[in-house]
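Visitor: I would like a close look at a single part of this assembly. Please take one interface between two chains and go through it in detail.

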Amino acid sequence: MTVTPGWYMALAAVLFVIGTGGILLRRNALVMFMSVELMLNAVNLTFVAAGRELNVLDGQVAVFFVMVVAAAEVVVGLAIIVAVFRRRQTASVDELSELRG
Amino acid sequence: MDLALSLIVLLPLIGMLILFAFGRRIGEPGAGIVATVAVAGSFVIALVLALDLFSGEGSVETVRWFEWLPAFGVEAELRWDQLSTLMTLVVTGVGSLIHLYSIGYMHGDARFGRFFAYLNLFITSMLILVLANNFALLFVGWELVGLSSYLLISFWFERDTAAAAGKKAFVVNRVGDVGFIVALMLIFSVFGSLGFDTVFDGAHNGELTGAMATAIALLLLVGAAGKSAQLPLYVWLPDAMEGPTPVSALIHAATMVTAGVYMVARTGAIFEVAPIAAATVAIVGAATALFAATIAMSQRDIKRVLAYSTISQLGYMFMAVGAAAYVAGIFHLMTHAFFKALLFLGAGSVIHGMSDEQDMHKMGGLAKKMPVTFITMAIAWLAISGMPPLAGFWSKDEILGVVFERGGLWQVLWGVGLATALLTAFYMTRMMWLTFFGEPRWDEGIQPHESPKLMTIPLVVLAGLSVVGGLVNTPFKLTLEHFLEPVFEAVHLAHAPEGSVAWILAAVSVAAGIIGIGAAIFRYRDRVPAEDGTGWRLLNNGYYIDDMYAGVFARGGKLGAAWLAFRFDVRGIDGAVEGVGSLTRRVGGWLRPLQTGFVRSYGLAVVAGAVGLLVWFLSRGGL
Amino acid sequence: MNLDFLAVAPTVAIVAAVVLLLMVDVTFKVGHRWWGFAAALGFIGATTASVWQWVEHRGADGELFYSGMLSVDGFSSFAGMVIFPVAGLGVMAGWQLVRGVGKRGAEFVALAMVAASGAHLMAASADLVLLFIALEVFSISLYVLAGFSRKGDGADEAALKYFLLGALASAVFLYGVALVFAATGTTSMYGAQSFLDATLILRPGVLLAGIALLLVGLSFKVSAAPFHVWAPDVYQGAPGGVTGFLAAGAKIAGFAALARVLVVPLGGYIDDWAPAIAVISAMSVVIGTLFAIAQTDLKRMLAYSSVAHAGFIMTALVAGPAGVADMWFYVATYSLQVVGAFAIASVVSGALTGKSPLSDFTGLAIRSPMLAAAMALFMLAMAGIPLTAGFVGKAAVFRAAIDADYLWLVILGLVAAVGGLFFYLRVIVLMYMQPSAEGVPAPRVPLGAGVAVSVTALVTVVVGFVPWPLLDWVRAAIPL
Amino acid sequence: MDFPILSALIALPVAGGLGVLLVRRDELALPLSITSSLVTLGGAVWLLFEFESGEAGFQFVEKSTWHEPWGVGWHLGVDGISLLLVVLTAFLFPIALLASTSVTHRVRQYMASMLFLQAGITGVFLALDLLVFFIFWEAMLVPMYFIIGIWGDERRIHAAVKFFLYTAFGSALMFAGILSLGFLVSDQLGGPTFDFVELLGADLTRTAQFWLFGAFGLSFAIKVPIFPFHTWLPDAHVEAPTAGSVILAGVLLKLGAYGLLRFNLTLFPEASVDLVPVLAVLAVIGILYGAIVAIVQTDIKRLVAYSSVSHLGFVVLGVFALTTQGLQGGVIQMVNHGLTTGLLFLLVGMIYERRHTREISEFGGLASVMPLFAGAFLFTAFASIGLPGLNGFVGEFFVLIGSYLSLPGYAVAAAFGVVLAAVYLLWAYQRMFTGEITVEANRGLGDLNLREKVIIVPMAVLIVFLGVYPKPALDIIEPSVDAVLERIEEKTDYVVPEFGSTTDIAVEVGE
C-alpha cells in the first residue's frame with residue numbers, strides 16, 4: 001500500500017473538520033483562533049498534496065501566500081482578543097453576547 | 001307647438017328655479033303667487049293645446065329637446081297624445097288649485113318659499129313623467145316625483161316622524177323601482193330601444209311573447225305597486241300624511257300615486273300580450289282596495305282615513321287597468337283626483353281650523369263652524385260613496401261593470417269591488433259624522449273657524465268638478481272613451497255592459513253605497529263608540545303589517561347589517577388582512593431569539609449552511 | 001510577462017497615498033485635515049485610474065496582466081469606479097469618528113484606504129489565490145475598523161465576532177480554492193475556465209465541493225443567509241462612523257468576487273450553482289426581511305435589511321453572465337444608499353457609538369427636515385419605490401431572473417419587498433408622523449457627513465429618474 | 001412636433017410642488033399650489049376641447065425610447081377612456097386644495113404632496129408604457145401615504161401604513177406580471193417591450209393570459225377596491241384629511257377600474273372573457289355588501305367609504321358586462337362617482353372642521369342651523385343615490401341595463417343596490433340633519449361661507465350637467481370602449497350580445 005497524495009488530502013479534510021469542530025465547540029477565543037489556524041494548515045496540506053499529484057508548483061506557491069496571510073491574521077486577531085481580554089478580563093466568547101436578537 | 005309644449009314643463013321648472021334662488025327674498029305671498037302662476041300657466045297652455053285634440057283634429061305630437069342617450073335609442077323627447085294631455089290637464093289643473101290653496105294653508109311658515117319651490121319641482125317632475133316619450137324619460141319623471149314626495153313629506157323635518165316618513169316613502173318606492181329597472185333591462189334586451197313607439201309597436205307585432213312578456217309586465221307591476229301604494233308596498237302612504245296637507249292632496253291623492261295606473265295604461269300594449277300579468281294587476285288592485293278599506297274604517301286620524309281611502313281607490317284603478325278597462329281606470333283616476341283632492345283639502349281646512357288637531361274623536365259638530373268646508377266635503381263624500389250623479393258614481397260604476405262583464409272568475413273581483421264600495425261608503429260616512437256632526441269634542445281652548453277665501457275657493461272649484469266631472473264619460477255618452485281610443489288602438493279595450501245588466505249593476509252598487517252610509521249613520525248617530533276591541537285594534541294598526549315590516553326589514557336588516565359591518569367585515573375580512581400583517585410582525589419577533597449573540601452558534605449556522613451546500617453540490621455529481 | 005502601469009494604477013494610487021499619509025503624519029503631526037487631504041488624493045487618484053481603465057478596457061476590451069493574475073476589464077474598472085467613491089464617501093461620512101479617536105485617526109483613514117484597495121483587488125483578481133489575498137487584505141482591515149472606537153460598548157464584541165467568523169469563512173473559502181485547484185490543476189480563473197471548457201470531468205465531486213466552499217466564503221462576505229449571522233451584531237456594534245463603509249464595501253467587493261468566480265471559472269457549471277444561488281437568495285430575502293421587522297435599532301435593522309438586499313442582488317446572478325450588469329446596477333446604487341443611510345444614523349446617534357435606537361429618529365422631520373427627507377428617500381429607495389434608484393435596481397435584477405425563468409424567486413422577492421415596507425415605513429413614520437420629544441436639539445450635521453448624505457441622496461434621485469445611462473454603462477461592466 | 005401637452009399635464013404639478021417647497025413662505029403655499037393646479041386644469045380643459053371625439057385611438061401621443069434593451073420608453077396618449085378621468089383629476093385638485101385651509105402645520109409639504117400626487121395620478125392615466133405606468137402607479141403611493149400619515153386623524157399612521165402595504169402588495173404581483181409580459185412577447189415582437197400599443201400586437205397563450213390577468217387584476221382589485229379587498233379603504237378614508245379623502249375617492253379608486261379596463265380587457269382578452277363570472281360575482285357582492293355595511297356605520301366618513309365600495313362595484317360590473325352600454329356606463333360611473341363622492345367628502349370635511357367629529361350621533365337637526373349645507377348634502381346624497389337628472393343616474397342606468405344581456409342574474413341582483421343606496425344615505429341624512437337639535441354644540445354652527453360655496457358650486461354644476469346632458473361625455477367614451485369590445489371579439493370567440501335580439505328570458509345566471 002502506497003501512500004498517495006490522495007491520503008494526504010483525506011488527512012487534510014479530517015484536519016479541516018477537526019478545526020471546524022474546534023470553532024464550534026471551544027469557547028476560549030484563543031483556542032478558537034488556533035482552530036482556524038489548524039483549518040488553514042489543513043488547506044495548506046491540500047494545496048501541497050494536490051500540487052504534488054498534479055505535478056505543478058502552484059500548490060506550493062499558494063501555501064507561501066497563505067502562510068503570510070495567516071500571519072497577518074494572527075497579528076490582528078491576537079490584538080483584538082487582547083483588547084477584549086483587557087476590557088472584560090475574559091477570553092470566553094460566550095461572555096460576549098450583548099449584541100443579539 | 002314645440003315651444004308651447006315645452007313651456008308646459010318649463011314654466012314650473014322656471015318657477016322652481018326662481019324660488020330656489022330667490023324664494024326667501026320674494027317671501028310671502030309672492031313666492032306662492034309665482035309658483036301658482038307658473039302651474040296655472042302650464043294649465044292654460046295645455047288647455048289651449050288640448051283643444052285641437054278635443055276637437056278630434058289634432059294629432060299626436062312629439063317634441064325633441066336634445067339628443068340624450070343614443071345608446072338606448074332614446075332622446076329627451078316629449079309626447080303629446082290624448083292620454084298625456086288628459087294627465088297633464090289633471091296634474092296642472094288640480095295642481096294650480098292646490099297651489100292656490102297652499103298660499104293660505106302655509107301662511108306664516110318659515111320656509112314658505114321653499115315649499116312652493118318643492119311644489120313646482122313636483123309639477124315639473126310629474127309632467128316629465130306623463131309627457132315622456134320613452135321609458136328612460138318616464139323613469140326620470142318617476143324618480144323625480146319620488147324626490148319631490150320625499151322633500152315634501154319631510155318638509156317639516158324638525159319632526160322626527162316627518163323625516164322618517166319621507167325616507168320611508170322614498171325607500172319603499174325604490175323597492176318598486178327595482179322592479180321597474182329590471183323591467184327596463186328586459187325591455188331593452190328584447191327591443192334594443194326604450195322608445196315607446198318601438199316597444200309598443202314591437203309588442204303589438206308579436207315580438208314579445210310568453211314568459212318574457214309576463215315577466216316584463218309583472219316587473220312593471222312591481223314598480224307601479226310601489227308608486228301607487230298597492231299591496232304589498234303600500235306602507236309608505238299612510239306615513240306620508242306627515243307632510244303638509246296640500247301635499248297629501250296633490251301628491252298622495254290626486255297625482256303622483258296615480259302614476260302607477262298611468263304607467264300600466266301607457267304600457268297596455270305589453271299587458272295585452274301578458275294576460276296573466278294583467279289579471280295579477282287586477283287581483284292586486286282588488287285585494288288592495290278591500291284591504292285598505294277595512295283599515296280606513298278604523299282610523300282616528302282624519303288624514304289617515306283619507307290615506308287608506310286613497311290606497312283603496314287606487315286599488316279600484318288597478319282593478320280596472322288590469323281588466324284592460326284602461327279608459328275606466330283613467331276615468332276613475334281623474335274623478336278621484338277631484339274628489340280626493342277635495343277631501344284632503346277639506347281635511348286640511350278642518351285641521352287648520354282646529355289648530356292642527358287631526359284626531360276625529362276630538363272633533364264633531366264642525367258643520368256649523370265651517371260651512372263651506374262642510375258642504376264641499378259632503379259633496380266629495382257622496383261622490384266617493386258612489387252616489388249618482390256625482391263623479392265617483394260614473395267612474396266606479398264603469399269599473400265594476402267592466403269587471404263583471406268579463407265574466408268567470410272576474411266576477412269574484414266584482415264582488416270584492418262591491419264590498420269595497422260598501423265599506424267606502426261606511427268609512428267616509430264615519431269620517432264625516434265624527435268630524436262635522438254630533439257634539440263637539442274639542443280640546444280646551446280650540447276655536448274652530450272657517451278657512452280664508454284662498455283656501456275655500458279651491459274647495460268650491462273642486463266640489464264643482466266632483467259634481468260634473470263624471471259626465472265626461474257616462475254610459476249615455478262615452479266622450480272620454482272616444483277621446484282616448486287612439487291611444488289604446490293596440491289593445492282590446494274591455495267595455496262595460498250595456499242595457500239592463502248595466503242598470504242592475506248600477507242599482508246594486510248604489511244600494512251598497514246606501515247601505516254603507518246607513519250603517520255608519522246608524523252607528524255614529526248618537527255617540528262615538530269606544531272602538532277599542534281587538535278587531536278594531538287589529539284594523540287600526542293595519543293588521544300590524546307595517547310593524548312586521550319594521551321588525552323584519554328595518555330592525556332585522558339593521559341587525560344583519562350590523563353583524564356584517566362590525567363582525568364579518570371588521571373581524572372576518574379585515575381581521576384576515578390585519579392578521580397577515582400582525583402575523584408577519586410577530587414572526588419577526590419569534591425569530592429574533594434565533595440570533596443568540598453567541599459566536600459559536602453563528603459558527604454553527606455558517607457550517608450548517610456550508611454542509612447544506614456541500615450536500616447539494618455533491619448530490620449533483622457524486623464523489 | 002505583461003507588465004503595465006495602468007493595470008495597477010488604482011492600487012498604486014491608494015498605496016502611495018497611504019504611505020504619504022502615514023509618513024507625513026509621523027513626521028509632522030499635521031492632524032486630521034492632512035489625513036483628509038491625503039485620503040482625498042488617494043481616492044480621487046484611484047477613481048481616476050479606474051475611469052481610465054474603464055475607458056481603455058470596458059466591454060470587450062478586457063485584458064489580463066501579470067501572468068494572468070490581474071484582470072483589467074469593464075468588470076474590474078467599474079468596480080473601482082464604484083468602490084473608491086463609495087469608500088471615499090463612507091470615510092467622509094465617518095469623519096467625526098476619525099476626529100474622535102485622536103491621533104489614531106490616521107491609522108483609521110489608512111486602514112480604510114487599504115480596505116478599499118483590497119476590495120478593488122477582489123474585483124480585479126483573475127487568480128483565486130490573489131482573490132484570497134485581496135479578500136484578507138480587505139477583511140483584516142475591516143476587523144480592525146469594526147473595533148476601532150473604544151467608546152462604543154459593543155465595538156470589541158463586534159470586532160471579535162467579525163474576526164472569528166470571518167477567519168472561519170476565509171478558511172472555508174481557501175479550502176474551496178484548494179479543492180478547485182486540486183480538480184483543475186490551476187488557481188487561475190481563466191485557466192480553470194479553459195480547463196473546464198475543454199475537459200469533461202467524470203467525477204466532479206472535488207470540484208463541486210470546491211464550488212460549494214467558495215460559495216460559502218463569498219456568501220459570508222456579502223452576508224447572504226444563512227451566512228449572514230455576523231452582520232447584525234457587527235453592524236450594530238461597530239461605531240456609527242464606520243458601519244456605512246463596512247456595509248457598502250463588503251457588498252461591493254463580495255459580489256464582485258462572487259460574480260467573477262461564478263461566471264468565469266464556473267460558468268459551465270451554472271446548472272449546478274444557479275439553483276443553490278437561488279435558494280440562498282430566497283433565504284436571504286425572507287430571513288432578512290422577517291428579522292428586520294422586529295428590530296428596534298436602526299443599524300441592526302439595516303443590517304438585516306442588507307441581508308435581504310444580498311438576496312435581491314443574488315437574484316440577478318441566477319441568470320449567470322446575463323445578470324452581471326444588473327447585479328452591478330443594484331450594487332452600485334444600493335451601496336450609495338447604505339452609505340447615506342448610515343451617515344444619517346451616525347449624525348443622529350453619534351459616530352463613535354454603535355447603538356442607534358430607532359427612538360432617536362422620532363420627530364426628526366421637525367428637528368432636521370433635510371436630514372429626515374434624505375433618510376426617507378433612502379428608506380424608500382431600499383424599499384424599491386419608483387423614482388428612486390432602488391426601484392430601477394429591483395426592476396433590473398428581477399428582469400434578469402425572469403429572463404432566466406426564475407419567476408418563483410421574483411415573486412418571492414417582490415412579496416418580501418412588500419414585507420420590507422414594514423420596517424422602512426416605520427422609520428418614516430417615526431420621523432414624520434410622530435411628534436418630536438421635548439427639548440431634543442436638532443442634530444448638528446458635520447460637513448463630511450453632510451456632503452456624503454447630499455451626494456448619495458442626489459445620485460439616488462437622479463438615477464431614479466434617469467437610470468438609462470447607468471443601465472447602459474453596466475452593460476459594459478462585464479468580466480473579460 | 002406639437003406642444004407636448006400630456007407631459008405638461010404631468011410636469012406642471014411637479015413644478016408647482018417644487019415651487020411650493022422652494023418658496024419658503026407658508027402663506028404663499030396655498031395660492032401657489034392653487035395657481036399651479038388651475039393652470040393644469042386649464043391645460044386639461046384645452047385638451048378636452050381639442051380632443052377629437054368620435055375617434056377610438058390615442059391622441060396627443062408622445063413617444064420616445066428610453067432604454068432599448070428593456071424596451072421601455074416615454075409613451076403617453078389619451079383616448080376616450082382616459083380623457084375624462086384626466087380632466088376629472090385636474091378638476092378635483094384645485095377644489096381639494098381649496099378645501100385644505102384647515103391644514104395648518106407643514107403646509108408647504110402638504111401642498112407639495114398634493115401636487116406630486118396629482119402628477120402621479122395623471123401619469124397613471126396617460127402612460128402607455130407598462131413600466132412607466134407602474135412607476136406612476138407606485139410612486140403615487142408615497143405622497144398619499146404622507147398625506148394620510150402626517151395630516152390625518154388619530155389612527156392615521158395605522159391607516160397610512162395599511163394603505164401603503166396593501167396596495168404595494170398588489171402592485172408587487174403586477175410588477176412581476178409586467179416584467180414577465182415584457183419578455184413573453186419578445187419572440188413575437190422581436191425584443192422585449194413594455195409598450196402597450198406594441199403589446200396589443202402580441203398573442204399570448206391562454207395560460208399566460210390567465211396568470212397575467214391574475215397578477216394585474218389583483219393589484220387593480222385592491223385599488224378599486226373589489227370585495228373582499230376593500231378593508232383598507234374605510235380606514236384610509238376615515239383617517240385621511242378631507243382633501244385626501246376627496247382625491248382618494250375621486251380619482252385614486254378609479255385607477256383600479258381604469259387599469260382593468262385599459263389593460264386586462266385588451267391585453268388578456270381570453271382570460272377576461274373566461275373570468276367574467278368571477279369578477280361579476282365579486283362586483284355584485286361589492287355593490288350589495290358595501291351598501292349593507294354602509295347602512296349601520298356610525299362614522300359618516302366610514303359610511304361614505306363603504307358607499308364607494310358599492311359604487312365601484314357598479315363600475316366593475318359595467319366593465320365586465322362586455323357590452324358597449326356596460327362599458328360606457330362603467331367609465332361614466334367612474335367620473336360620476338368621483339364628483340359625487342368627492343363632494344360628499346368635501347361636505348363631511350366642512351362639518352368636521354366645525355365640530356371635529358365624524359360621529360353621526362353627534363349631529364342631528366343640523367338642517368335648522370345650516371340650511372344651505374343641509375341642502376348641499378342632500379343634493380349630493382341624491383346624486384349618489386342615482387337620482388335621474390343628477391349624474392349618478394346615468395352611470396347606474398347604463399351599467400344595469402347594459403349588463404343585463406351578458407350577465408342577467410348579476411344585473412338583477414345589482415339593481416337592489418339602488419334601494420340600499422337610498423337607505424344608507426337618507427338614513428344618514430335623517431340622523432344628521434333632521435329632527436330637533438340634540439347636541440348643544442351644534443346650535444351655534446354657521447352655514448356655508450364663501451370659500452365653501454366656491455368649492456361646492458362648480459361640482460354641483462357638473463353634477464347637474466352630466467346628469468341632464470351626458471351626451472358629450474358619452475360621445476367621447478363610446479368609440480374607445482367599442483374598440484375594446486371589437487378587440488375582444490376579434491381575439492376570442494366572444495360575441496358582444498346585441499340588444500333587441502332576444503325574445504325569451506335568459507334563465508341561466510351568468511351566461
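Guide: What follows describes the interface of chain D and chain B, and then a helix pair from two other chains. The model is a predicted one. At this interface, 62 residues of chain D are in contact with 55 residues of chain B. The two chains bury about 5000 Å² between them, and 74% of that area lies on carbon and sulfur atoms. On the side of chain D, the residues that lose the most area to chain B are D:Val296, D:Phe397 and D:Ile401, which together make up 11% of what that side buries.

The rule finds three salt bridges between chain D and chain B. In a salt bridge between D:Lys162 and B:Asp574, the side chains meet at 2.6 Å, N to O. Helix α20 (residues 417–433) of chain D gives the most to the side of chain D that touches chain B, contributing nine residues. By class, the residues on that side of chain D are 41 nonpolar, 16 polar and five charged.

The helix pair joins chain A and chain C. Helix α2 (residues 29–54) of chain A packs with helix α7 (residues 155–184) of chain C, with an angle of about 10° and axes 9 Å apart. Because angles under 35 degrees count as roughly parallel, α2(A) is roughly parallel to α7(C). The contact of α2(A) with α7(C) has 24 nonpolar residues, two polar residues and no charged residues.

Note on methods: Residues numbered from 1 in each chain as written. Chains lettered and ligands numbered in written order. Predicted model: local features only at pLDDT ≥ 70, side-chain atom pairs only at ≥ 80, totals over all residues. Heavy atoms only, no water. Axes fitted to C-alpha atoms, helices over the stretch in contact; angles between N-to-C directions. Helix = DSSP H or I, 4+ residues; strand = E, 2+ residues; numbered from the N terminus. Parallel < 35°, antiparallel > 145°, perpendicular 65-115°, else oblique. Nonpolar A, V, L, I, M, F, W, Y, C, P; charged D, E, K, R; others polar. Contact = heavy atoms within 4.5 Å. Buried area = accessible area lost by both parts, 1.4 Å probe. Salt bridge = Lys/Arg side-chain N within 4 Å of Asp/Glu carboxyl O.
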